[in-house]
Amino acid sequence: MASLTVLLRHSGKWNDEGNYIDFSIEGILIKEYASFNDLIDEAVQMYDSDTDYTLAIELANSGEAIGVFELHMDLIISKTNKKEVMTGQVYKDKATLKEVMNNYAIAQRFQFRVDRSNAVSYALICISEDCDWRFKASSINKSELFKVREFNDNHTCPLKDKVYEQRQASSSLISGIIRTKLTNHKRKYTPRDIIDDVKSDLGVDVSYMLAWRAKEKAMNFLRGEPADSYKKLPGYLYTMDKTYPGSHIRMEKSSKNEFMYVYISLYAFIRGFDHCRSIVVVDGSHLKSYYTGTFVSASTLDGAGHILPLAYGVIDSENDAAWTWFFEQFKIAYGVRENMCIVSDRNESIIKFVSRVYPDLPHCACIWHLWNNVYKKFKKSHAKLSEIYFSMEKAYTQTEFDSLMEKVEKVDIRVKEYLELAGYEKWARLYAPVNRGWTMTSNIAESINAALVSARELPIYDFLEEVRKMFGRWNCSNRKEATQTYKTLGRKYQEMLEVNETMCTRITVVPSTEYLHTVNDGGRNYTVCLLERKCVCGRFQIDELPCPHAWAVLKSKFLMPEEYCSSYYKPSTIVMTHDVPVYSLPDKNDWNIPEHVAEEVVLPPKWKRPPGRPKKKRDKNLSELLLSKNQHSCSICGQGGHNKRTCRNAPRNK
């Protein structure tokens, strides 16, 4: 009969993160079809001692772990002298004692009931009447420590050796079994999955609420109580400030020491922003942990089209005071930069207080949020207006913009009046006071929010650490990609440059001066000035890439295109953007926190998550629900059915 290798980890300890460390490993062999009780017996024979152990059991097959069980040795009672082992045992609290006895009852295949349970005593008797089985424990000097005072393990009823049909498992027992499956917060492990696993492993039917409570207990064991997470913030922020010198990290509390806001700008991102276009996208998303709050972020794009996070933090809600504080901290960290603008949704607090903190800074709107407002107000021919609107906001020339606006006026003149009132400079690239490039929406902030969907359910300390680690991974990945790029530009803009090159093959070039050329494309003439890097089509100066007309001129003069591309797009600039790494924080046991920081009091906010099942997805508006799926249009010609990579049509500005 085949055997299984079992690895026993013992003599270790649990750290604050719920990990078992400083352990020893020994192995035993058991039969392939051995029961769980057989495994327990082998472990007891190997470690039969008066000392309490915490034992992790791994079933291994060819050296690879196929399962992990956590087993407290104080649950395992020597069959030869159980009374002597149990009497006098000390447990750290009543909850641990209850879990021990629940596990013991299941292992011994009988049921007990609680005879007395309060803050200082815990007494159990067998479920069968007139049975001599007794268990009594009480508190030591009214502390959390419980000591077993009496344990009579002699049954005078037939239940000990009888398999009863209605076996039960407590939420504490189940939480110990499922704990290892919840260490990764991204894993979807629902109460329904717990019910199925308990039925399969223990043969016990449990209710949905019992499974839900077991999951809550397991998560609290792994992550601690939600309120305790706020106590860790002073030490965590102090360690970050020392690990990343030059960063801007601040926390704000109320007069009652209740948490209000936290702001984090790492030095790596402050340095990286020097090599990016100064377009800042801000947005917020709700946290879904025990206490309410809003995660806010500010980000931009690097020269390869990747997200560069600039700042992030947590505020109580998207109100005037919170956004004012956030932008004040952002201004301290980044100051005011040339050609800088803020892009956001139409949140009134953002609009109001950006103008107060940055009085001379333009504030642009996300074109998608503006379109949703248009749709809500004017529900007429929305499909036709949508195509015209999104073509209009990306128009390169005045002629093209005016032509599209005339179409809008024919469909519904009220839409034209609304867009005029909103301000062309807020949403149209042609009228923008600064070069917005391709950052016309707040999608990069929405991408950050989407990447943190599961993390937003964590307590604030664990959530902030997940954000830091994610941004660190992005920084490392983007730097690696940039150092391994041997083309002219970063990936996104290199593709755009190659598309423009394919479109210049049938263009005729007529030189006027050394830098001024007339280009004939499909019967229409365009003027290209290499000295000023401009073209009548508008794409050369706005995209800061050679358009098809400029490409034709460069080919006729045997010039290299990279000399006429923005330095933002070049790999050398992208490497400098991500040059400063985001190092890992030292182990928590090695944190050297001053006494005044460790003693700082941070209480949780007074607002808690409302009762009921929390929403996993936001409510979509009617325009999103009615939007046809998989309807994409080409960014070059504006027609559907293909994208820019396979486009063979003329640019839409013709």
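The entries below go from a sheet to a hairpin and then to a helix pair.

I am working from a predicted model, in which local features need pLDDT of at least 70 and side-chain atom pairs count only at pLDDT 80 or more, while totals for chains, interfaces and linings use all residues. Residues are numbered from 1 along each chain as its sequence is written, and side-chain values use heavy atoms, with hydrogens and water left out.

Sheet. I found an open sheet of five strands in the order β7-β11-β10-β9-β8, with antiparallel pairing (strands are DSSP runs of E, at least two residues, numbered from the N terminus, and two strands pair if DSSP finds at least two bridges between them). Its edge strands, each pairing on one side only, are β7 (90-91) and β8 (112-117). Between β10 (residues 134-139) and β11 (residues 146-152) I noted six bridges, and A137 stands opposite V148 in β11.

Hairpin. I then followed β12 (residues 248-253) into β13 (residues 259-265), antiparallel strands joined by six bridges; R250 has Y263 in β13 as its bridge partner. Five residues lie between these strands, and N257 in this hairpin takes a positive phi near 65°.

Helix pair. I looked up α8 (residues 233-243) and α18 (residues 460-483), whose axes come within 10 Å and cross at roughly 20° (axes are lines fitted to C-alpha atoms over the stretch in contact, with angles from 0 to 180 degrees between N-to-C directions; helices are DSSP runs of H or I, at least four residues). The two are therefore roughly parallel to each other, a word used for angles under 35 degrees.

Terms used: Parallel < 35°, antiparallel > 145°, perpendicular 65-115°, else oblique.
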